[in-house]
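Let's walk through a structure together, one feature at a time. Have the sequence and the model open as you read.

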Amino acid sequence: MSLCLVIDEMHPSLPDLMQKIGVTLHYRPDLSVAEVPAALAAHPYEGLMVRSKLRVTAELLSHGPQLRYVARAGAGVDNIDEAALTAAGVTLLNAPEGNRDAVGEYAVGLLLALFRNIARADHEVRAGQWCREANRGEEIGGKTIGLFGYGHMGRAFARRLQAFGCTVLAHDHDPAVLPDANATLVSLAELQDRAEVLSLHIPYSAANHHWVNEELLAGFRNAIWLLNTARGEVLDHAALVQRLQTGQVRGAALDVLENEKLTTLTAGQQARFAYLAAAPNVVLSPHVGGWSYQSYQRINEVLAGKIAAFLGR
């Protein structure tokens, strides 16, 4: 039997799925970050399954010399040092297929909330205000939607947008990315020239840190609405606030922030967050785009399939 250490909460379907492929789980979501190295060293684990509790580094890997794979229960791998895994001969498996549909649906919801002032109108009615004209909104139909990143998440969003009668353009850093029937792949310059909405679907990496910055936002010909369901750090929030203040960004819907530990904000982050939280044309949510009951289970199914293929089961 192959052993796998699981250090985060997972959907209860996981043990049965892994048993079927001959993998025994040591399910230890109770472990603190400090306790993980000793737990790794205690058994000959071939696998380590994580969400976002800790960073997987070269130092951590040294405590599990028999590790063959690290399984990330989700899409983002920014908490995993991929170079360290490569150096140690450990394979990285993740599951963007598991929550792409949840993210695609949620991005549509954010766009509708932004265009139709849903959150603001709800708050006003609850407060006894009946403001119809002030909440007249925009329609998605006829708009040109620009996507940065056309992987699993971008494609899921584009597929759902087709029902609205809008034009979807996508730009991706990776020249190997192929077009499909739901979006037209274009250069960055063309996307900046035509898009009325910008939706971010790129993973976080050092190279992508603040990739959407003042210079990039200034390059858009139209005043745009901005959505971010990717990672907060790909967006320069100082540039976003500045562009919201000037009207170059007409509104923003953010499921992710530059620092999601709200009790640890720096003075600058606190000032930017205070502006965003008070702005009537900003919608905020707590990184729940991929967080559905269905994706919770589907991530297990995707990972079990990838682990089975990796182990040759």
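**Reading the fold step by step**

Q: Where do I start, say with Gly47: which residues does Gly47 touch, leaving out those up to four places away in sequence?
A: Contact means heavy atoms within 4.5 Å. Leaving out residues up to four places away in sequence, Gly47 touches Leu3, Cys4, Leu5, Leu67 and Tyr69. Gly47 itself sits in strand β3. Helices (H or I, at least four residues) and strands (E, at least two) are DSSP runs, numbered from the N terminus.

Q: Before we go on, what kind of model is this?
A: This is a predicted model, in which local features need pLDDT of at least 70, side-chain atom pairs count only at pLDDT 80 or more, and totals for chains, interfaces and linings use all residues. Residues are numbered from 1 along each chain as its sequence is written, and side-chain values use heavy atoms, with hydrogens and water left out.

Q: Is Gly47 buried or exposed?
A: Buried means under 20% relative accessible area, exposed over 50%, and partly exposed in between (1.4 Å probe, protein chains only). Gly47 counts as buried because its relative accessibility is 0%. For a sense of distance, Gly47 and Ala183 are 136 residues apart in sequence and 37 Å apart in space, C-alpha to C-alpha.

Q: What sheet do β1 to β5 form?
A: Two strands pair if DSSP finds at least two bridges between them. Here 5 strands make an open sheet with parallel pairing, in the order β2-β1-β3-β4-β5. Its edge strands are β2 (23-27) and β5 (91-94), and each pairs on one side only. From one strand to the next, the twist averages 20°. Axes are lines fitted to C-alpha atoms, for helices over the stretch in contact, and angles run from 0 to 180 degrees between N-to-C directions.

Q: How many bridges link β4 and β5?
A: Strand β4 (residues 69-72) pairs with β5 in the parallel sense over 4 bridges. Look for Arg72, which stands opposite Asn94 in β5.

Q: Which strands does helix α12 lie across?
A: Helix α12 (residues 293-311) lies across β1 (2-6), β2, β3 (47-50), β4 and β5, and runs at about 150° to β5.

Q: What is the order of the open sheet of 7 strands?
A: The order is β8-β7-β6-β9-β10-β11-β12, and the pairing is parallel. β8 (184-185) and β12 are at the edges with a single partner strand each, so one side of each has no neighbour in the sheet. Further in, 4 bridges join β6 to β9, which run parallel, and Gly146 stands opposite Leu198 in β9. Another 4 bridges join β9 to β10, also running parallel, with Leu200 opposite Asn228 in β10.

Q: Which way do the residues of β9 point?
A: In a regular strand the side chains alternate between the two faces of the sheet. In β9, Val197 and Ser199 point one way and Leu198 and Leu200 the other, and all are buried.

Q: What about a helix: which residues of α7 are buried?
A: An α-helix has 3.6 residues a turn, so residues three or four places apart point the same way. In helix α7 (residues 152-161), the buried ones are Met153, Gly154, Ala156, Phe157, Ala158 and Leu161. These buried residues pack against α5, β6 (144-148), β7 (167-171), β9 (197-200) and β10 (224-228).

Q: Is Glu105 buried or exposed?
A: Glu105, found in helix α5, is exposed because its relative accessible area is 53%.
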